[in-house]
Amino acid sequence: MTDAQQFGDALRDGAGPRSGVLERVTLIMDCLGEAPGHLVLEDVAAITGLARSTTFRLLRKLSDLGWVSHDAEGYVLGPRLAYRGVLSDFDGLRAAASPVLAELAAATGFVAHLGIMHRGFVDYVDRTGTGAQSSVPTRIGTRIFAPESTSGMAILAWMDPEEVDAAIEHAGVNRTGSREELHRELAAVRRRGGLACRDGSRHASGVSSVGAAIIGPGGPVGAVSVAHRGAIPEQVTGPLVLRAAEAIGAGLGNGTGNGTRSLPR
């Protein structure tokens, strides 16, 4: 029995008979919600026990409506679900961050993001930036593999190496570059006091970004970042991003916003 079949048997245990459209959609959404990363069409069909043609038809409709996202790697839960449901647990964080994000965007002229990390991915739960929105192709609900975003790198930098490795493995993404290289990059983030930087000139998108983790009493609860298509003056922007992250942490009731945990050495 394949891993997909075993996963499907576990998913269907106790579910009872399901034959209607809503039941089939529920099977697909449960399947994607429990998966560690992207699933291809054949995996979804095998896990849910639905016919391939039925699975394809429902996935296409769900994708059209924003409940599912589809790219070259396969299918994952989409931004509509993230925005309306999955991320509702972070309403308190969003409320504390909203005014700070607006101030940060106004001060820098860049797009400001609030992100949280889940299963090795960063989900953007808020975004603002008057006049700069069109230059950065993100939206609320955008999901990015954590090592590929400054928000993710800022959060990972606050985690012990074993925690980082577990998060990356859980994401199920084949990352370009070795695990050792990732840990060297995280060490550089720590040397900058937790500031993660991305030079857009080294990437096809041309988008540069700077991010810092928001720290709670037990560690990182999210991250704030700014992004811009073009160069970002890190010496000027970096301190603003760090102060924004501290202000959001303080707004959550964490005193100075630094929490009680220090960056790993």
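Reader: What should I know about the model before I start?
Author: The model is predicted, so local features need pLDDT of at least 70 and side-chain atom pairs count only at pLDDT 80 or more, while totals for chains, interfaces and linings use all residues. Residues are numbered from 1 along each chain as its sequence is written, and side-chain values use heavy atoms, with hydrogens and water left out.

Reader: How many helices and strands does the protein have?
Author: Both are DSSP runs, numbered from the N terminus: helices are H or I with at least four residues, strands are E with at least two. Here there are 10 helices and eight strands.

Reader: What share of the residues is buried?
Author: Buried means under 20% relative accessible area, exposed over 50%, and partly exposed in between, with a 1.4 Å probe and protein chains only. Of the 265 residues in the protein, 45% are buried.

Reader: Why can side chains pair?
Author: Side chains of opposite charge can pair when their charged atoms come close. A salt bridge needs a side-chain nitrogen of Lys or Arg within 4 Å of a carboxyl oxygen of Asp or Glu. The whole structure has five salt bridges.

Reader: Where do Arg 52 and Glu 42 sit?
Author: Arg 52 is in helix H4 (residues 52-65) and Glu 42 is in helix H3 (residues 41-48). Their side chains form a salt bridge at 3.0 Å, N to O. Arg 52 is partly exposed at 49%, and Glu 42 is partly exposed at 41%.

Reader: Which parts does the pair of Asp 165 and Arg 179 tie together?
Author: The two side chains meet in a salt bridge of 3.2 Å, N to O. Asp 165 lies in helix H8 (residues 161-171) and Arg 179 in helix H9, so the pair ties together parts 14 residues apart in sequence. Asp 165 is partly exposed, at 22%.

Reader: Is Arg 202 buried or exposed?
Author: Arg 202 is exposed, with a relative accessible area of 71%. Arg 202 forms a salt bridge with Asp 199, with the closest N and O atoms 3.9 Å apart. Salt bridges that share partners also join Asp 165, Glu 169 and Arg 179 into one network.

Reader: What classes of residue line the largest pocket?
Author: The lining has 14 nonpolar, 14 polar and seven charged residues. Nonpolar covers Ala, Val, Leu, Ile, Met, Phe, Trp, Tyr, Cys and Pro; charged covers Asp, Glu, Lys and Arg; polar covers the others, Gly among them.
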